[in-house]
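Colleague: I have just opened a new model and would like to go through it with you. Could you guide me through some of its residues?

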Amino acid sequence: MEGVRRVTTQTFRQLKDASIPIAMLTAYDYTMARILDRAGVDAILVGDSASNVVAGHETTLPITLEHMIYHAQCVVRAVKRALVIVDLPFGAYQGNSKEALISSIRVMKEAGAHAVKIEGGTAVVPTMERILQAGIPVMGHLGLTPQSIYRFGTYKVRAREPEEADQLRQDALALEKAGCFAIVLEKIPAKLAGEISASLSIPTIGIGAGNACDGQILVINDALGLNDDFHPRFVRRYANLIDSISDSVKNYVEDVRSHSFPSSEESY
Ligand code: KIV
């Protein structure tokens, strides 16, 4: 990986201008981040989805800033090329913009992240501006914002109604004006996501938002088939690791029980 050109927030803009889709995935640990980086993903999100897929919580709300910094440190250590963006978790930025800035500085300083992501629209613009003034790149996140699940009450598609769609258009413009370098659009109608993507000069990254976004992101555990109780239509499974891992473990258990492992070649 000597001499590898790092992906930056400017690269994001250049990719959009060149109509080259941006490929993102989440990662939470060193081993996975190293594989994703070497395989050519443009950016890795250390998502607060770690709360679900790593820690086993029902929502993203319980994960703490300390947990996120730990996951981010593991990922940053592995990455040579991709841009590493870290979610500010619930409770680390909503209090006031100073708290948000302190959380962002911790993520950048202690983990060596390249950018932070914050959920929310116009209401979080002053917070984003304060972080941006410190020189920290900010990614926005609109549509289904999982940290607000108890307000939504459901994980259904957002912005189907004209009023919410209008608000989303305004929020996207406000985030671009504030200086965000990109915006995640989660679980909104493809037509609306396409319209918003065309109206912005910064890239949109879709998850359940159709093919007209400037890039796509999936949670790595979903993409690799590590999650057999989550089947939303926006997930494409690129592997079935549950079955591969399960078969491998069954073989290992059998080999241990039958004394076939370790063999003499596997012994000293
Ligand atoms: O936490 C996460 O993984 C995310 C993506 C789903 C965009 O925010």
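Colleague: Let us begin with Ala 182. Which residues is Ala 182 in contact with, leaving aside its neighbours within four places in sequence?

Modeller: Ala 182 is in contact with Phe 12, Val 138, Met 139, Gly 140, Ile 202 and Pro 203, when neighbours within four places in sequence are left aside. Please keep in mind that this is a predicted model.

Colleague: Where is the place of Ala 182?

Modeller: Ala 182 has its place in strand β6.

Colleague: Is Ala 182 buried or exposed?

Modeller: Ala 182 has a relative accessible area of 0%, and buried means under 20%, so this residue is buried.

Colleague: What separates the C-alpha atoms of Ala 182 and Arg 5?

Modeller: A distance of 20 Å separates these two C-alpha atoms, and the residues are 177 residues apart along the chain.

Colleague: You listed Phe 12 among the contacts of Ala 182. How many aromatic pairs does a search of the whole structure find?

Modeller: The search finds two aromatic pairs. In one of them, the ring centres of Phe 12 and Phe 181 are 5.5 Å apart and the ring planes are at 70°. Planes over 60 degrees apart count as edge-to-face, so this pair is edge-to-face.

Colleague: Which parts of the chain does that pair tie together?

Modeller: Phe 12 lies in helix α1, residues 9-17, and Phe 181 lies in the loop between α8 (162-178) and β6 (182-186), so the pair ties together parts that are 169 residues apart in sequence. Both Phe 12 and Phe 181 are buried.

Colleague: Let us turn to the ligand. Which residues surround the ligand?

Modeller: The ligand is surrounded by Thr 26, Leu 45, Gly 47, Asp 48, Ser 49, Asp 87, Lys 117, His 141, Val 184, Ile 207 and Val 219.

Colleague: How far is a polar side-chain atom of Asp 48 from an oxygen atom of the ligand?

Modeller: That distance is 3.0 Å. For Asp 87, a side-chain N or O atom is 3.1 Å from an oxygen atom of the ligand. For Lys 117, the corresponding distance to an oxygen atom of the ligand is 2.9 Å.

Colleague: And how much of the ligand's accessible area does the protein cover?

Modeller: On its own, the ligand has 260 Å² of accessible area, and the protein covers 95% of that.

Colleague: Next, helix α5. Where is Ser 97 found, and what polar contact does its side chain make?

Modeller: Ser 97 is found in helix α5, which spans residues 97-111. Its side chain makes a polar contact of 3.3 Å with the side chain of Arg 130. Besides Arg 130, Ser 97 is in contact with Pro 126 and Thr 127, leaving aside neighbours within four places in sequence.

Colleague: What about Ala 100?

Modeller: Ala 100 is also found in helix α5. It is buried, with a relative accessible area of 0%. Leaving aside neighbours within four places in sequence, the contacts of Ala 100 are Leu 88, Ala 92, Tyr 93, Thr 127 and Ile 131. Ala 100 and Thr 127 are 27 residues apart along the chain, and their C-alpha atoms are separated by 6.6 Å.

Colleague: Finally, the backbone. What is phi of Lys 187 near?

Modeller: Phi of Lys 187 is near 50°, a positive value in a residue other than glycine. Most residues other than glycine have a negative phi. Lys 187 is in the loop between β6 and α9 (190-199), and it is buried, with a relative accessible area of 19%.

Colleague: Is His 259 buried or exposed?

Modeller: His 259 is exposed, with a relative accessible area of 71%. It lies in the segment after α11 and has a positive phi of about 65°, although it is not a glycine.

Colleague: Is the peptide bond from Phe 261 to Pro 262 cis or trans?

Modeller: That bond is cis, with omega near -5°. Most peptide bonds are trans. Pro 262 lies in the segment after α11, the helix of residues 241-257.

Key: Residues are numbered from 1 along each chain as its sequence is written. This is a predicted model: local features need pLDDT of at least 70, side-chain atom pairs count only at pLDDT 80 or more; totals for chains, interfaces and linings use all residues. Side-chain values use heavy atoms; hydrogens and water are left out. Rings of Phe, Tyr and Trp (its six-membered ring) pair if their centres lie within 6.5 Å; planes under 30 degrees apart count as stacked, over 60 as edge-to-face and the rest as tilted. Helices (H or I, at least four residues) and strands (E, at least two) are DSSP runs, numbered from the N terminus. Buried means under 20% relative accessible area, exposed over 50%, partly exposed in between (1.4 Å probe, protein chains only). A residue is near a molecule or strand if one of its heavy atoms lies within 4 Å of it. A polar contact is a pair of N or O atoms within 3.5 Å; within protein, one must be able to donate a hydrogen and the other to accept it, and residues adjacent in sequence count only if both atoms are side-chain atoms. Accessible areas come from the Shrake-Rupley method with a 1.4 Å probe; for residues, only the protein chains shown count as cover. Contact means heavy atoms within 4.5 Å.
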